[in-house]
Amino acid sequence: MPEVPSFRLAERTRNAVHTLVVDALTAAEARGPSRIETVLVDLWGVGVAGARTPEVAALMASRRRDPGPWRTVGGKATGSADTVALLDAVASCCLELDEGNKHAAGHPAAHVVPAAVAAARLADEPVTGATFLTAVVAGYEVATRFGHALDRDPRWHTHGHWGATGAAMAAAVVWGLSADRTAAAVDASTSLVSIAPWEVVLQGQFGRNLWMGNAVRAGLDAARLAEAGLVDNVGIASSTLGGVVGTLHPERLAVEPGVLSVDRGYAKRHASCSYTHAAVDVVQQLRRTHDLSADDVTAVRVRIHGLAEPLFGRAPTSRLQAMFSLPVVVAAALVSDEIGVDSLDPDGATFARATAVVDRVEVEVADHLTALLPDRRAVEVDLTMRSGEMLAAGAPNPVGDSDHFPLDRDAVVAKIAGLVGVADARRVVDVVDGLAGAASVVEVLQGLP
């Protein structure tokens with residue numbers, strides 16, 4: 001296929017961005033019943049848990065003086081609206097428990113929601129709950145469509161780049177920008193994104209979690225630039241996301257009629273990269289069904305899609321690094337019934353038991369499973385027993401995916417209660433339930449733990 005001249009690709013991208021902005025807002029305004037409230041319970045609840053980790057506490061302490069009246073989710077720090085948005089984004093993603101969307105190959109809500117909150121706090125007039133929810137759903141739609149439209153260079157992690165588009169969309173909607181100015185914000189946000197090499201993640205460097213926060217601030221800054229008339233929608237995304245991060249396909253930016261991306265996401269049950277979850281589900285199910293212990297199993301063979309290939313390292317030294325080690329996470333599933341917040345802490349008992357058996361785990365990419373992406377993140381697992389018997393099973397997606405045993409609201413609330421306690425989970429639920437009819441979303445948000 002002949003290469004499309006850059007000016008033609010930019011024009012196609014410019015037109016596609018404008019259409020996406022209009023269609024995403026229209027769909028969000030007419031959304032009817034959706035999973036947005038469940039997504040918010042999940043994200044804010046996970047954020048409270050993340051804010052209580054020693055890693056995030058250390059980051060917040062290192063901020064020193066940052067004047068501002070706003071409080072982070074979890075209540076551990078105060079600062080300006082922008083700073084608090086960054087810290088909330090970091091807290092929401094640091095435990096690898098935040099919701100995601102396989103069609104975006106990443107985490108739209110954690111990019112979008114903190115930006116919408118900051119925009120509401122910075123607005124000249126009170127922002128209603130209805131406007132806030134519309135902004136979040138529209139921002140989620142834009143971020144997901146950009147994630148779907150991007151064939152990412154495999155050296156890039158998914159955080160910090162395409163998600164900035166949804167943050168810009170959400171902020172622009174909250175501030176009441178016109179369609180043209182909103183499209184300018186979305187396009188401009190792609191010129192402000194983070195460099196996100198996989199190697200940073202695989203080495204367990206905490207800077208990875210700031211990519212999410214940086215994308216939130218990129219979205220806010222892009223909306224400011226657009227409101228000030230300092231940027232236009234020129235299709236720059238074709239050269240920033242496309243050309244640098246990977247290849248951008250403008251035709252994939254189109255909103256699917258009658259489908260909201262926020263309804264097609266997944267909720268995470270395990271505190272590890274989502275690429276590990278289906279394998280964990282299968283191993284734990286085989287253990288339960290056959291009443292197995294790790295001592296009964298001499299070998300585990302995992303066949304998985306190509307997205308998981310960066311996760312094949314097996315010698316992590318930090319919690320973050322361990323959450324991105326497929327062999328170690330599978331080994332943890334072999335020795336434990338839960339991959340919880342502390343399961344992959346190198347100082348913990350589960351980690352020690354997992355690393356003691358990790359040599360039994362073999363992982364490989366299977367082309368026939370890669371071919372099923374993005375609709376299926378499938379896995380096949382074989383267990384070899386000490387008796388010589390072989391057990392085999394597979395899964396088309398992780399449990400919690402919208403297409404595979406999705407977690408309903410009650411299940412998500414139970415997840416959050418397990419993370420932060422029943423009382424704080426109730427506070428999160430009460431805030432979310434109070435949004436739709438709120439005259440001022442900022443006042444309602446003050447009820448978060």
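1. Let me start with a salt bridge: arginine 145 pairs with glutamate 256, and their closest N and O atoms are 3.3 Å apart. Arginine 145 belongs to helix 6 (residues 129-149), while glutamate 256 sits in the loop between strand 4 (246-248) and helix 12, so the pair ties together parts that are 111 residues apart in sequence. Bear in mind throughout that this is a predicted model.

2. How many salt bridges does the structure hold? The count is 25, and a couple of others deserve a look. Arginine 155 forms one with aspartate 153, where the closest N and O atoms come to 2.8 Å. Arginine 155 has 61% relative accessibility, so it counts as exposed; the cut-off for that label is over 50%. As background, side chains of opposite charge can pair when their charged atoms come close.

3. Next, aspartate 232 and arginine 181, whose side chains meet in a salt bridge at 2.7 Å, N to O. Aspartate 232 is in the loop between helix 10 (207-227) and helix 11 (237-240), and arginine 181 is in helix 8 (residues 179-189), so this pair ties together parts that are 51 residues apart in sequence. With 47% relative accessibility, aspartate 232 counts as partly exposed.

4. Have a look at helix 7 (residues 163-174). Its 12 residues reach 17 Å from the first C-alpha to the last, close to the 16 Å expected at 1.5 Å a residue. Why call helix 7 largely enclosed by the rest of the structure? Because 12 of its 12 residues are buried, with under 20% relative accessible area as the test. Among them are Gly163, Thr165, Met169 and Val174. The cover over these buried residues includes helix 1 (6-29), helix 5, helix 6, helix 8 and helix 10. After helix 7 comes glycine 176, which has a positive phi near 70°.

5. Helix 5 (residues 108-122), one of the elements covering helix 7, is itself mostly covered: 14 of its 15 residues are buried. From first C-alpha to last, helix 5 reaches 22 Å, close to the 21 Å expected at 1.5 Å a residue.

6. Strand 7 (residues 379-385) and strand 8 (residues 390-395) run antiparallel and are joined by 6 bridges. Aspartate 382 stands opposite alanine 392 in strand 8. The hairpin made by these strands has 4 residues between them, and in it glycine 388 takes a positive phi near 100°.

7. Last, asparagine 397, found in the loop between strand 8 and helix 17 (409-420). Is asparagine 397 buried or exposed? At 2% relative accessibility, asparagine 397 counts as buried. Its side chain reaches the backbone nitrogen of arginine 377 at 2.9 Å, and a polar atom of that side chain lies 3.4 Å from the backbone oxygen of aspartate 375. Leaving aside residues up to four places away in sequence, asparagine 397 touches Lys102, Ala278, Asp375, Arg376, Arg377, Asp403 and His404.

Note on methods
Residues are numbered from 1 along each chain as its sequence is written. This is a predicted model: local features need pLDDT of at least 70, side-chain atom pairs count only at pLDDT 80 or more; totals for chains, interfaces and linings use all residues. Side-chain values use heavy atoms; hydrogens and water are left out. Two strands pair if DSSP finds at least two bridges between them. Helices (H or I, at least four residues) and strands (E, at least two) are DSSP runs, numbered from the N terminus. Buried means under 20% relative accessible area, exposed over 50%, partly exposed in between (1.4 Å probe, protein chains only). A polar contact is a pair of N or O atoms within 3.5 Å; within protein, one must be able to donate a hydrogen and the other to accept it, and residues adjacent in sequence count only if both atoms are side-chain atoms. Contact means heavy atoms within 4.5 Å. The expected span of a helix is 1.5 Å times one less than its number of residues. A salt bridge is a side-chain nitrogen of Lys or Arg within 4 Å of a carboxyl oxygen of Asp or Glu.
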